[in-house]
Each structure stands twice: as C-alpha cells, then as structure tokens.
Amino acid sequence: METGKTKLTVLFDPPFWTGVFERESGGRYAACRVVFGAEPRDCEIYGFILDRYCHLTFSPSLGVETEPESRRNPKRVERLARQQTRPTGTGTKAQQALQLQQEQRKKERQILLRDTREAEEKRRFLLRREKRKKKHRGH
C-alpha cells in the first residue's frame with residue numbers, strides 16, 4: 001500500500017500571503033505555490049483545499065530519501081509536531097521544486113513567444129511578396 005503526505009505552509013511574503021503545498025508519495029516530492037492575497041482564515045484555507053486542490057499544478061517531482069516506518073516515542077512525535085507548526089518559511093526542497101516549476105514555465109513561454117514571432121514574420125513576408133506581385137502586374 002502506497003502512502004503519501006501533503007503539507008501546507010502559509011506564510012507572509014510581502015505584500016501577499018502565500019501557501020506552499022508540499023506533496024510526498026511513492027518516493028517522489030513535488031511542491032506548488034499559491035498566492036492567497038489577504039490573510040486567509042482557516043475556513044477559507046479548508047474551502048480552498050476542498051475546491052481547488054485537484055487543479056493545482058505541482059512542480060516536476062524530485063526523488064526523496066524515505067525513512068523506514070518505526071515506532072516513535074510519543075514525546076518525540078509531539079516535539080516534531082511543535083517544530084513543524086512554528087513559522088519557518090519554505091524549506092529547501094520546496095524551493096528547489098518551485099524553481100524547477102518556474103524554469104519549466106519559462107521554457108514554455110519562450111517556445112510560445114518564438115512561435116508567435118515566427119508566424120508574424122511569415123505573415124509579413126507573405127504580405128510583402130503579395131504587394132510586389134501586385135506592383136509587378138500593374139494593378
């Protein structure tokens with residue numbers, strides 16, 4: 001049976017409140033950044049997760065080392081939970097995943113811009129050629 005973990009970190013990234021979704025499953029790690037705008041309340045975050053989580057675009061997945069499941073000391077688990085709830089910001093894995101996502105979008109945008117530029121140049125060339133033909137024919 002495959003298990004997965006999802007974590008949401010909400011932080012203030014001036015001037016907006018942002019959320020970083022981190023997803024770990026099957027030995028793979030992916031992250032997604034969402035801009036909330038004004039400070040979101042708990043009910044708004046819960047509604048966002050219910051309504052829009054399936055439509056989020058996560059970064060390309062990275063490999064992650066998995067630690068074996070073992071019985072943990074309850075006090076240690078409580079301490080880890082307290083550490084995770086402290087506001088620390090985005091982790092380095094999340095930053096790497098978001099950087100990959102940003103680079104991927106940049107490449108897609110460059111390809112799209114290049115295609116539109118080439119299409120516009122081709123259209124202009126055809127117009128010039130048509131104009132020359134009309135002048136040559138004496139129209």
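**A conversation about a predicted model**

Colleague: What is the relative accessible area of Gln-104, and how is that residue classed?

Modeller: Gln-104 has a relative accessible area of 38%, so the residue is classed as partly exposed. In these terms, buried means under 20% relative accessible area, exposed means over 50%, and partly exposed lies in between, with a 1.4 Å probe and protein chains only.

Colleague: Before we go on, what kind of model is this?

Modeller: It is a predicted model, in which local features need pLDDT of at least 70 and side-chain atom pairs count only at pLDDT 80 or more, while totals for chains, interfaces and linings use all residues. Residues are numbered from 1 along each chain as its sequence is written, and side-chain values use heavy atoms, with hydrogens and water left out.

Colleague: Back to Gln-104, then. Where does that residue sit?

Modeller: Gln-104 is placed in helix α3. Helices (H or I, at least four residues) and strands (E, at least two) are DSSP runs, numbered from the N terminus. The C-alpha atom of Gln-104 is 8.6 Å from that of Pro-60, although the two are 44 residues apart along the chain.

Colleague: How many helices and strands are there overall?

Modeller: The protein has three helices and four strands. Along the sequence, their order is β-β-β-α-β-α-α.

Colleague: What share of the residues counts as buried?

Modeller: The buried share is 17% of the 139 residues. The accessible surface comes to about 11900 Å², and 50% of that surface belongs to carbon and sulfur atoms. These areas come from the Shrake-Rupley method with a 1.4 Å probe; for residues, only the protein chains shown count as cover.

Colleague: Let us turn to charges. How many salt bridges are there?

Modeller: The count is four salt bridges, each being a side-chain nitrogen of Lys or Arg within 4 Å of a carboxyl oxygen of Asp or Glu.

Colleague: Which residue does Arg-33 pair with?

Modeller: Arg-33 forms a salt bridge with Asp-13, and their closest N and O atoms are 3.4 Å apart. This pair links distant parts of the chain, with Arg-33 in strand β3 (residues 28-37) and Asp-13 in strand β1 (residues 4-13), 20 residues apart. Arg-33 is partly exposed because its relative accessibility is 43%, and Asp-13 is partly exposed at 34%.

Colleague: And what about Glu-44?

Modeller: Glu-44 forms a salt bridge with Arg-41, with 3.8 Å between the closest N and O atoms. Glu-44 is partly exposed at 38%, whereas Arg-41 counts as exposed at 52%.

Colleague: Which residue does Glu-120 bridge to?

Modeller: Glu-120 forms a salt bridge with Arg-124, the closest N and O atoms being 3.4 Å apart. Both residues lie in helix α3 (residues 92-137), four residues apart, or about one turn of the helix. Salt bridges with shared partners join Glu-120, Arg-123 and Arg-124 into one network.

Colleague: Which residues form a patch of positive charge on the surface?

Modeller: Arg-76, Arg-79, Arg-82 and Arg-86 gather there. Patches are made of residues with over 30% relative accessible area and no salt bridge, and like charges are joined within 9 Å, while nonpolar side chains (Val, Leu, Ile, Met, Phe, Trp, Tyr) are joined within 5 Å. Arg-82 lies in helix α2 (residues 74-85) and is partly exposed at 45%.

Colleague: One last topic. Which peptide bond is cis?

Modeller: The bond from Pro-14 to Pro-15 is cis, with omega near 5 degrees. In general, most peptide bonds are trans.

How values were computed:
Lys, Arg positive; Asp, Glu negative; His and termini not counted. Charge placed at Lys NZ, Arg CZ, Asp CG, Glu CD.
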